[in-house]
Every structure is written in structure tokens, then in C-alpha cells.
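Subject: Handover of a structure and findings

Dear colleague,

Please find the structure below, followed by an account of what was found in it. I would be grateful if you would read the two side by side.

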Amino acid sequence: MVTQPIGATVPPVDLLHLNGDLPHPEWERLAVEGDDGHPPRILLLYGSLRPQSFSRKLALEAERILRHLGAETRVFDPAELPILDSVPATHPKVQELRALSLWSEGQVWVSPERHGTMTGVFKNQIDWLPLEDGSVRPTQGRTLAVMQVCGGSQSFNVVNALRVLGRWMRMVTIPNQSSVAKAWTEFDDAGRMKPSPFYDRVVDVMEELMKFTLLVRGRSEYLVDRYSERKGAAAAAQAIVSRI
């Protein structure tokens, strides 16, 4: 039994605008029996290559909150990730992305809105993640939080599209979400998010993601176990036996 809180060894993070209590999730109330209490592993993806990418800034702000809550995090840089099928899947950036997805127990997806939906930069990252590679599923059963940044008034087109995509990738998408309107006004010159209701919502989303990740991990294999897949596996095994 782990006696210290999740992520107790994670260095302190300066959240700047936190005003009130934001404790680590209560591991003992959420985790499956036998959980060793390691920090939840969260992968963050963002959808822009611009030097002043606001989706990247939002992803980094979310990462700070997650680290404060005790998570171990990785942020994938989509620069130099080739367009799907333009190179073999052995390309180093593709292998890096797939390895990070396998490493993760939960993910955060952040995309700008471009022509009413997610950007091609973001979608290309998900397209490189197969639903199944042999018996390995890089996304199935992992938790997911979705967020978007808007250049103008608030929209929910992207988070809605990301929810569809998350469902298609067989992920457990949490109920809460964030859409940051006029994102260019919401960050200071240092790239940090300013205090606002938008910031508070991002904190809410990350706190909820941590709780759902603790709740799901260790149980995901059972939660996504399907009749049709068991039936198919049994038929395949019988076919092998018949050939022997």
C-alpha cells in the first residue's frame, strides 16, 4: 500500500494564478486494488507549428497543472512529423509518437480551430496512431481530455470533433472540456496563461482527467473487453487448431 500521495516526488510547480485548494487526487479512493501508486502518465498533443502557437501554450499550461497534481507528463512536438503514408512507419518521429502513446495512461489533445475543425497538423498525429498493431492498441482504454483555442469568439467545433475522434480511437473521454476564446488575449509575453474563467476551466479539466485516469487505469483491459473480439479470437484459435 502506498502511503504518500500520487506524485509526491514531483518538483513543485508555480501555477501563478491558483487561488484556493487544489490537492492531489485521492489515490486510495480511485485506484484499483494492487495499484502501485506511480504518477499517472499523461501525453499532451497540440496542433500548430507556429512559433507563437497558442495550442502549444495551452498544452504547456495544462502540463504545469498536471505536474502540480502529481502526473508524469510528456509533450510531443509535431514538427518534422511527416504526412501520413509519405514515409514508412519506421520513421523516427512516428516511432517516437507511437512509443509515447503506448507509454501514456491518459492524453490531452489541444487543437486550434481551422476552417471550423481541428488542424491538419493535429489530425496527422492521430492518423499515425493505429487502432491496432498486432495485439497492441496504442490508444484503447486510455483516458482523454479535449481542448481548443479560438482566434475569435468561443466555439466548440473542435472539441466536438475531437470527442468523435477519441471515441473512434476507443478512448475514455472525460465529460469536461475547455474552449479558449480570443486565445491571443489570454497569454502574457512569457507564454503563461492569464487569470480568467478560461484558466479556471483548464484547471477543472486537468483535475478531472487525473481522477478519471486513476479510476480507469488497471481496469481498462476489462472495461474495453468485447464480445465480438472474444468471438473472433476464439474462431482464430479454432482455425489454428484445425490446421494442426
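How many salt bridges does a search of the whole structure find? The search finds twelve, a salt bridge being a side-chain nitrogen of Lys or Arg within 4 Å of a carboxyl oxygen of Asp or Glu.

Before the details, a note on the basis of the values. This is a predicted model, in which local features need pLDDT of at least 70 and side-chain atom pairs count only at pLDDT 80 or more, while totals for chains, interfaces and linings use all residues. Residues are numbered from 1 along each chain as its sequence is written, and side-chain values use heavy atoms, with hydrogens and water left out.

Salt bridges

Side chains of opposite charge can pair when their charged atoms come close. The side chains of Glu 61 and Arg 64 form one of these bridges, at 3.1 Å from N to O. Both residues belong to helix H2 and lie three residues apart, about one turn of the helix. Helices (H or I, at least four residues) and strands (E, at least two) are DSSP runs, numbered from the N terminus. Glu 61 counts as buried because its relative accessibility is 1%, whereas Arg 64, at 22%, counts as partly exposed. Here buried means under 20% relative accessible area, exposed over 50%, and partly exposed in between (1.4 Å probe, protein chains only).

Helix H3 holds Glu 96 and Lys 93, again three residues apart, about one turn of the helix. Their salt bridge has its closest N and O atoms 3.5 Å apart. Glu 96 is partly exposed, with a relative accessible area of 36%, and Lys 93 counts as buried at 13%.

In helix H6, Lys 211 and Glu 207 are four residues apart and therefore separated by about one helical turn. Their side chains meet in a salt bridge at 3.9 Å, N to O. Lys 211 is partly exposed at 38% relative accessibility, and Glu 207 is partly exposed at 21%. A network of salt bridges links Asp 35, Arg 41, Glu 105 and Arg 217.

Nonpolar cores

In soluble globular proteins, nonpolar side chains tend to be buried together. A nonpolar core is taken as a set of buried Ala, Val, Leu, Ile, Met, Phe, Trp, Tyr and Cys residues joined through side-chain atoms within 4.5 Å. The largest such core has 31 residues, of which Leu 58, Ile 65, Leu 66, Val 108, Met 147, Val 202 and Met 206 touch the most other members. At least two residues of this core come from each of strand S1 (41-46), helix H2 (54-68), strand S3 (106-112), strand S4 (143-149) and helix H6 (197-216). H6 supplies the largest share, seven residues. A second, separate core of 21 residues includes Leu 43, Phe 122, Val 159 and Leu 162.

Phe 122 is also one of the buried residues of helix H4 (120-127), together with Asn 124, Gln 125 and Ile 126. The buried residues of H4 pack against S1, H3, S3 and helix H5 (157-168).

The largest pocket

What is the volume of the largest pocket? Its volume is about 420 Å³. On a 1 Å grid over the protein atoms alone, a pocket is an open set of points where a 1.4 Å probe fits, with protein on both sides within 12 Å along at least five of seven lines; lining residues have an atom within 4 Å of a point. Grid points are joined across faces, edges and corners, and the volume is the space filled by probe spheres set on the points. Of the 21 lining residues, Gln 140, Arg 142, Ser 220, Glu 221 and Val 224 are the closest to the centre. Helix H7 (220-223) and helix H8 (227-243) are the elements that give two or more residues to the lining, and H8 gives the most, with three.

Loop residues

Leu 84 sits in the loop between strand S2 (72-75) and helix H3 (92-103). Leu 84 and Asn 124 are 40 residues apart in sequence and 6.3 Å apart in space, C-alpha to C-alpha. Glu 80, in the loop between S2 and H3, has a positive phi of about 75 degrees although it is not a glycine. Glu 80 counts as exposed, at 70% relative accessibility.

Yours sincerely

Notes: Contact = heavy atoms within 4.5 Å.
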